[in-house]
Amino acid sequence: MDSNIAITTGTATHCPYCALQCGMNVVETEAGWGIEARDFPTNRGGLCRKGWTAATLLNSSDRLLGPLLRDGKGAPLRPASWDEALDRVAAGVRAIQGAAGPDAVAVFGGGGLTNEKAYALGKFARVALGTANIDYNGRFCMASSAAAGLRAFGIDRGLPFPIADIAGADCILISGGNPAETMPPIMQYFDEARARGAQIIVSDPRRTATARAATLHLPLTPGTDAALANGLLHVAVVRRLIDTDYIEARTAGWDRVRRVVASYWPDRVERITGVPARDVERAAVLLGEAARALVLSGRGPEQQSRGVDNSLAFINLALALGLPGRPGSGWGCMTGQGNGQGGREHGQKADQLPGYRQLANPVHRAEVAQVWGVSPDTLPQPGLSACEMLAQAGGAGAKVRGLLVFACNLLVSAPDAAALRKRLDAVDLLVVADPFLSETAAIADVVLPVAQWAEESGTMTNLEGRVLLRRQVKPPPPGVWTDLQVIAGLAARLGAEAHFSGDPATTGAEFRRATAGGPADYAGMAWDRVQEEAGLFWPCPDAAHPGTPRLFADRFAHPDGLARFHPVEYRGSAEQPCAEFPLVLTTGRVMGQYQTGTQTRRVPELAAAEPAAFAEIHPDTARQHGLRAGDAVQLTTRRGTARMAVRLTRDIRRDTVFVPFHWSGEGNANHLTIAALDPVSRIPEYKACAVRLDRAPALTGETE
Ligand SMILES: Nc1nc2c(c(=O)[nH]1)N[C@H]1C(S)=C(S)[C@@H](COP(=O)(O)OP(=O)(O)OC[C@H]3O[C@@H](n4cnc5c(=O)[nH]c(N)nc54)[C@H](O)[C@@H]3O)O[C@H]1N2
Ligand SMILES: Nc1nc2c(c(=O)[nH]1)N[C@H]1C(S)=C(S)[C@@H](COP(=O)(O)OP(=O)(O)OC[C@H]3O[C@@H](n4cnc5c(=O)[nH]c(N)nc54)[C@H](O)[C@@H]3O)O[C@H]1N2
Ligand code: SF4
Ligand SMILES: [Mo]
């Protein structure tokens, strides 16, 4: 930013993007909105490139400034008034529900929504629509680790400790995460640990920026994480590195796990994973001998059709080493979206009620129904999970005939997205609420333009379980409503006006009451406290409670206080390479783009830095295919094709192709991915499927 531009105002708030929720000041200058880094416990004054450029979103001339709707399938989107648009949605909902029952209208939410909005959306589905079918994009993200955490510890808080603990660890295993690119400011905590002599181990098919800064890189074949985890535990047992006192005092179920890992000797693990046996040994020793050790999970092991098994296998390792509940030690999942943690606690998940309560639990139903002023019998039972809901979407005869999408760009983010496109084209009613015309909004029947991050206040729960206040900086542009106003406006048209408020503070007060007594209890977190104390960790049941930065110090959340081991066998990915599709495709992120790019592709600096999709391959693999750097390559899987430029690197396995998923059109990675689901968490398998490479004619630059 030009230094002689006068700064007139500044508001302390947080970044629009990832779960680190870095603190920033948004300042008003003569040239428009600008960003200053702010000291907050997560970023300590640091921001990544996306954070620095986030003000572009506020200055954007590309915003949706009024509702759009379509006069019938095939007709173009045209401007409409809010009354007409909301009336159309309400009429569409009534028609579908009248013909096919309440569950035929489904809601799809997002982990970028504030806690207040996620709460209101869950209540809207159950109270105003009366549908069982609401789920959200967290199912695409870390649902497997969440399910594993619940099973093992009895509660799911991604990191059960503050990120400052990272700096105090002596050994850290990062399992399939690339925080150097996905959360750059968090690296200062890893750097601090390293400066104290800590050893860092990274398991990733690619030698990423994170892996390059590590002591040891374990370059496993995508999809083989459970075998690696079992191998590490096997070595820990053989070398007597396990903590038998801890196992005895704090856990249950060890014997079955010990028997299972007995057959994962390092040579066998090398054959399955491709990681040299000596490195499996070395990693286990580094972890097992460290006074304080952390096992941290990214999307690598999680976004697999055995994602829950993978997370449980690493939790087994952490428990056997006696880590969870000790300072500077433990297991944790590095949640990704801005409110990825809070978004999975308050009722936009198919099986869930606010405060991390369960919809199927009669006591929980009664507690929440009382706050909502409805009879528990009127609350639907658990509905379809995200990918199952999308698989059931369609026209006459389909289970889901209307879909209301808030804060998700499904055509770019969902697995097997070309097949999804056909189903979404067929639904009777597709409604998308978004600040921008995303690829999914562009095919909707009704588009509702909503406020974005700095245009309304609300709380977010970051990757540590720290609840923070994202403050409004400016009002939304004229013609733009907030999600809460949209929800309240629709509820009024559906006869549930009394139950909803468009005001975030009013919704926040009710939301906190609705969480009271639940596992994720926010009752003591008034906004002014949250602001003054730089965030509060849940549970925080009353105004005098200091919050809970560390869980599990004395007991786990199961009724008997013990953590649970779960035996896991390695089973392999749903789709294995074969003669026709000989390589493994894995997908993920680059630093300069966020998710489906609806936001970051509109930021010129980011678009210039990372303009288009690419396929990262090893030079030897490229040579076998007659490909050179920069060539156009066609990737083909059993689902479809995508075309992009070749990037060569020796930092990837020869059997693996990596494609980031931030782009639509011909480079859409999700035209390739498989919608195979984990049996427990229903997370899709973004991280491994079989692929073929062919030379392609020049790229067309075509979009969705
Ligand atoms: N720049 C940027 N930052 C982001 C985001 C973004 O889109 N862009 N998104 C945010 C969100 S929502 C999330 S969920 C987080 C995700 O954060 P990360 O988990 O760090 O990101 P990914 O790139 O999805 O995956 C991490 C690594 O897993 C590796 N991997 C692939 N397959 C496997 C496998 O089978 N096993 C193992 N062990 N590793 C594998 C990939 O090579 C990749 O380096 O990032 C958040 N931050
Ligand atoms: N192949 C592959 N696919 C993946 C992944 C992968 O690793 N590989 N990762 C998966 C993961 S971890 C995730 S989290 C998902 C993310 O997938 P998406 O959720 O589809 O990605 P976003 O681009 O974050 O989409 C959010 C949308 O919400 C809009 N938005 C922002 N703020 C608001 C708001 O306040 N209200 C409303 N109504 N809208 C808002 C944005 O403009 C954007 O269009 O992608 C998944 N897809
Ligand atoms: S690391 Fe995440 S929260 Fe921090 S500036 Fe970057 S995108 Fe924003
Ligand atoms: Mo995510």
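A cavity is a set of points, on a 1 Å grid over the protein atoms alone, where a 1.4 Å probe fits but cannot get out. A molecule sits in a cavity if more than half of its atoms lie within 2 Å of its grid points. Keep both in mind for the first stop.

Before you start: this is a predicted model, where local features need pLDDT of at least 70, side-chain atom pairs count only at pLDDT 80 or more, and totals for chains, interfaces and linings use all residues. Residues are numbered from 1 along each chain as its sequence is written, chains are lettered from A and ligands numbered from 1 in the order in which they are written, and side-chain values use heavy atoms, with hydrogens and water left out.

**Stop 1: ligand 3**

Select ligand 3. The space that ligand 3 takes is the second largest cavity. Now show the residues around ligand 3, meaning those with a heavy atom within 4 Å of it. Among them are Cys-15, Cys-18, Cys-22 and Cys-48. Tyr-17, Met-183 and Pro-185 are also part of this shell. By class, the shell has 8 nonpolar, 2 polar and 1 charged residues. Here Cys, Tyr, Leu, Met and Pro count as nonpolar, Lys as charged, and Gly as polar.

**Stop 2: Arg-44 and Glu-192**

Next come salt bridges: a side-chain nitrogen of Lys or Arg within 4 Å of a carboxyl oxygen of Asp or Glu. The count here is 45. Select Arg-44 and Glu-192, whose side chains meet in one of them at 2.7 Å, N to O. Arg-44 lies in the loop between β3 (32–37) and α1 (49–52) and Glu-192 in helix α8 (residues 187–195), so the pair ties together parts 148 residues apart in sequence. Helices (H or I, at least four residues) and strands (E, at least two) are DSSP runs, numbered from the N terminus.

How accessible is Arg-44? Its relative accessibility is 35%, so Arg-44 counts as partly exposed. Glu-192, at 37%, is partly exposed. The scale: buried is under 20% relative accessible area, exposed over 50%, partly exposed in between (1.4 Å probe, protein chains only).

**Stop 3: Arg-601 and Glu-439**

Move to Arg-601 and Glu-439, a salt bridge at 3.0 Å, N to O. Arg-601 is partly exposed at 25%, whereas Glu-439 is buried at 12%.

**Stop 4: helix α25**

Select Asp-620 and Arg-623. Their closest N and O atoms are 3.2 Å apart, in a salt bridge. The two are 3 residues apart in helix α25 (residues 619–624), about one helical turn. Arg-623 is exposed, at 57%.

**Last stop: a network**

Finally, select Asp-71, Arg-78, Glu-84 and Arg-88. Salt bridges link these four in a network.

Key:
1 Å grid on protein atoms, 1.4 Å probe; cavity = no way out; pocket = protein on both sides within 12 Å on 5 of 7 lines; lining within 4 Å.
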